[in-house]
Amino acid sequence: MRRPILIVVIGYIIGIIWGQYLNFSIVPLYIFITICLYIMKFFSSPKKFKVFSIHRYFKYLKIIINAKILLILFLSSFISYNIVISKNQKREILQNQFQNQSKFIQTGTIVSTQIIEEYKIRYIFEVKYSTLKNYRFYIDIKNNNKDLNTKSLKKFQNRNITNLEFGDKVKIKGEFIKPEKQRNYKGFDYNNYLKQKDILGIIEVQELEKINQNKSFKYNFISLVNNYVQSLKNKAYQILPEDIASLFIGIVFGDRSMIDEETVQNFNASSLSHILAVSGMHFTFLISGVIILLKDFLGRKKTYILGIVVILLYMVITGFSASIFRAGIMGIIMLISKLIYRKNDIWTSISISLLFMIIYNPFLIFDIGLQLSYCAMIGILLFQKMIYKYLMKKVLKIKKIRYHPKKLIMTFISKILEYISVTISAQILILPIMIYNFHSISVYFLFSNLLASFITEPLFIISWIFLFWIIICMPVAKFISILIIFFYKLLILFSKMGQLPYAQILVERPYLFFTIIYFLVFTLILIYNTLKTSKLRYATFQRFKNLKAWIIYKSKFQLKFQRKKFILVILIIFIFYNFSYQMFPQNLKIFFIDVGQGDSSLIITPQNKKILIDGGGSLSNFDVGEQTLIPYLLSRRIKKLDLLIISHFDIDHIRTDCLL
């Protein structure tokens, strides 16, 4: 059995999802699957030739699913199911226990740096309840200073606020706030979001006492690293303009907190947000740099060991987000395979990195960042070569390109096609996640990524060189900053494609049926291409090809002789779809939308007319329309309103400044 770890991961994920969303045991699922397989085996005896027969295709199913695979899936999913159920129950009990207390009084350790938010400073506070389990909380220290939400590093360094460091032991007294669950239909669930971060709840601090003690080696080391990284960030701000420095820190250190909101939105709208996240490319340049510089001095084995240490250190510096952890673990596995003279299997590396993450915290599987990171990587692995070969085949049909005397031109075209194939293949699996969570499609993603791809590699290389000279010699770093500013200005320019008209198209949340069809189509394309390119499965490919030809022939035959009936059926379906609410009126539906301190309600009439009364509003920077109302309507699959009623023009009913 190949790649058993991949099977374990699949089973573990099934158990997590089952435990999170379903309230009954997972055992009946595998009993049902086993019974179905035995029934299919019993009724699959060959009787006569049929194109669609269980016997003909059951043998392919047996190759994919056998007793060993079923056993691994059952055991891993059963374990993860019970872990999720146990964690959810303990979490609920503890949250209710703390919420019922008049005051929350605990002694624990600060395990994060400052998190600057509007009118408050936030830390992660860890309390040790037993030798095996620690619980984490967000602690909020409120401050009425209006400048606290400023993103400039220079402006909040010398404030008279509580300055805590990683590893400080503190005693706090305050009020425990249970995180809110989903307030609207398909809306944001803050409680589930904090599950992904292993945070139990929020404590509004009323009193805080710092307890002097000697920090452990782990806390001292992390604190020293954080302080040193902060000094490097300060030096970057001294040399570079503020907007460039914030981007540089985001790309190199993975800290996006200083990047202004408009820039982040531009990167998201132009589908370039992956550049701001530390990913595999960062580790590729890091490992390559270590090997090139030190291999001749230290030797191969010592260089690989040092590379592993550097990767671990860089993971500590940049934090352990999903993309960082995935790329870091895969890099470490690759170096270990070189040390022990074993071939590195990319699917096993992905499986190991994901398994580590979901064992540590099963709820990370619901983290959007993790889903995007892994789906992009899997999409590239599955589809990139196929798309590249297809594009190259089409390009080579152009005689002027095919017989061009200059090889440099062909190399350039090949590089462009490679970038295009990588972008498209990543988007294949990312697209459903983006539509489901953000209800939007980036129109210019191919152009923006193609333009950015030409400067991404030199930008990363120059960024690492610039960081090296910041550490070694500031005057040289100031000289290199000219190049840094040039490349980052170009990147900002490309990101502004997100401001072009129709850069993003709003999309309704798709039905499950269409999502299944979407994945089924690409699965069939992948199977067809795999069979076509595999010499060992030539007979199977011919059978698959003949089946495809037979289906096309039957479809054309039926369409040719029954065209009138086909058109009539289409017309009936169209009429029924558009006038069904007139013929069969539905119940009147009224929904009250939670828009915070404000009012908004949606009415769907029996004739399927959509009426919105008020839209909410807020005096703060939070955009209720963009963040709450539009996602709610798209989740209900509403893109057009038949009537908008404004009861009055108070700020909490409608933002009048948005209409001016």
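Which residues does phenylalanine 466 touch, not counting residues up to four places away in sequence? In this predicted model, Phe466 touches Ile239, Leu240, Phe248, Ala477, Ile480, Ser481 and Ile484.

As background, nonpolar side chains in soluble globular proteins tend to be buried together.

**Helix α16 and its partners**

Two packed helices are described by the angle between their axes and the distance between the axes. As for handedness, the crossing of α16 and α17 is left-handed.

Who meets whom here? On the α16 side, the residues include Leu451, Ile455, Leu459, Ile462, Phe466 and Trp469. On the α17 side, you'll find Ala477, Ile480, Ile484, Phe487 and Leu491, among others. Sorted by class, this contact of α16 with α17 has 22 nonpolar residues, two polar ones and no charged ones.

Now look at helix α7 (residues 242-253), which also packs with α16. Here the angle is about 95° and the axes are 11 Å apart. Angles of 65 to 115 degrees count as roughly perpendicular, which means α7 is roughly perpendicular to α16. From α7, the contact uses Phe248, Ile251, Val252 and Phe253, while α16 brings Leu459, Phe460, Ser463, Phe466 and Leu467. The class count for α7 with α16 is eight nonpolar, one polar and no charged residues. Notice that Phe248 and Phe466 turn up again in this contact.

The table shows how accessible they are.

| Residue | Relative accessibility | Counts as |
|---|---|---|
| Asparagine 449 | 11% | buried |
| Methionine 434 | 24% | partly exposed |
| Lysine 173 | 29% | partly exposed |

Asparagine 449 sits in helix α16. Buried means under 20% relative accessible area, and asparagine 449 counts as buried because its value is 11%. Leaving aside neighbours within four places in sequence, asparagine 449 is in contact with Ser270, Ser271, Leu272, His274 and Thr423.

Methionine 434 is found in helix α15 (residues 407-438). Again leaving aside neighbours within four places in sequence, its contacts are Leu372, His439 and Ser440.

Lysine 173 has its place in strand β5 (residues 169-177). Not counting residues up to four places away in sequence, lysine 173 touches Lys103, Phe104, Ile105, Val205, Gln206 and Glu207. How far apart are the C-alpha atoms of lysine 173 and threonine 107? They are separated by 9.1 Å, and the two residues are 66 residues apart along the chain.

Note on methods
Residues numbered from 1 in each chain as written. Predicted model: local features only at pLDDT ≥ 70, side-chain atom pairs only at ≥ 80, totals over all residues. Heavy atoms only, no water. Left-handed = near helix turned anticlockwise from the far one by under 90°. Helix = DSSP H or I, 4+ residues; strand = E, 2+ residues; numbered from the N terminus. Contact = heavy atoms within 4.5 Å. Nonpolar A, V, L, I, M, F, W, Y, C, P; charged D, E, K, R; others polar. Buried < 20%, exposed > 50% of the residue type's maximum accessible area, 1.4 Å probe, protein only. Axes fitted to C-alpha atoms, helices over the stretch in contact; angles between N-to-C directions. Parallel < 35°, antiparallel > 145°, perpendicular 65-115°, else oblique.
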